[in-house]
Amino acid sequence: MATVPLLSNCVVTQKCTVLRGKSFSPLKYPIIRHCLENTPQSAVLYPLPDAILLPSTAPVPDIKYLIVLDGTWRQAKSIYKANSYLSELIHLSIDIKQTSQYVIRTQPTDNCLSTIEAIAFCLQQLEGDPNIPGVLLSPLKALCDYQLDHGATTHVSKERGKQLAKQSIENDD
């Protein structure tokens with residue numbers, strides 16, 4: 001279950017455009033063309049070594065347009081590679097030492113977040129508004145609570161699962 005539909009229901013329609021697919025030609029998508037024409041104000045939330053790490057003590061550019069790739073890590077990497085123009089944009093990455101609230105899904109590591117969580121923390125930093133995560137993440141919490149109340153189980157990250165399995169083996173010895 002993707003978290004972007006939750007986002008599009010939490011944000012004013014004029015401020016959130018969702019494009020579905022893998023390849024997005026600037027010729028076909030005016031919003032992409034607009035972002036490329038305004039590169040100093042456009043950024044992609046994608047973890048590269050030279051990305052601006054948020055939260056940042058350094059000044060962060062005034063970002064008006066944020067492109068976020070939604071999908072598994074493998075899918076996001078594929079989308080990034082399929083749209084080479086993304087490399088021209090400012091790159092942002094988040095450094096939040098927090099476990100995902102998307103507890104009905106298994107994350108690769110303890111610090112991996114769902115798309116909506118990453119967007120919430122990025123926007124909190126860019127807009128300087130500490131209330132953004134609460135607003136954007138309350139539907140995620142409600143979704144997880146509903147799923148858990150109806151038979152879903154809480155997942156831990158793959159990383160944490162391996163640690164727990166190792167501890168279990170060591171305790172059995």
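How many aromatic pairs does the structure hold? There are 2 aromatic pairs, and the notes below walk through them.

1. Some ground rules. This is a predicted model, where local features need pLDDT of at least 70 and side-chain atom pairs count only at pLDDT 80 or more, while totals for chains, interfaces and linings use all residues. Residues are numbered from 1 along each chain as its sequence is written, and side-chain values use heavy atoms, with hydrogens and water left out.

2. Phe24 and Tyr29. Rings of Phe, Tyr and Trp (its six-membered ring) pair if their centres lie within 6.5 Å; planes under 30 degrees apart are stacked, over 60 edge-to-face, and the rest tilted. Here the centres sit 5.6 Å apart with the planes at 70°, so Phe24 and Tyr29 are edge-to-face. Phe24 is buried at 9% relative accessible area, and Tyr29 is buried at 19% (buried is under 20%, exposed over 50%, partly exposed in between, with a 1.4 Å probe and protein chains only).

3. Tyr46 and Tyr80. This pair is stacked, at 4.2 Å centre to centre and 5° between the planes. Tyr46 lies in the loop between strand E1 (42-45) and strand E2 (52-54), and Tyr80 in helix H3 (residues 73-82), so the pair ties together parts 34 residues apart in sequence. Helices (H or I, at least four residues) and strands (E, at least two) are DSSP runs, numbered from the N terminus. Tyr46 is buried at 10% relative accessibility, and Tyr80 is buried at 13%.

4. E1 runs parallel to strand E4 (residues 90-94), joined by 3 bridges (strands pair if DSSP finds at least two bridges between them). Ala43 stands opposite Ile90 in E4. E2 also pairs with E4 in the parallel sense, over 3 bridges, and Ile52 stands opposite Leu92 in E4.
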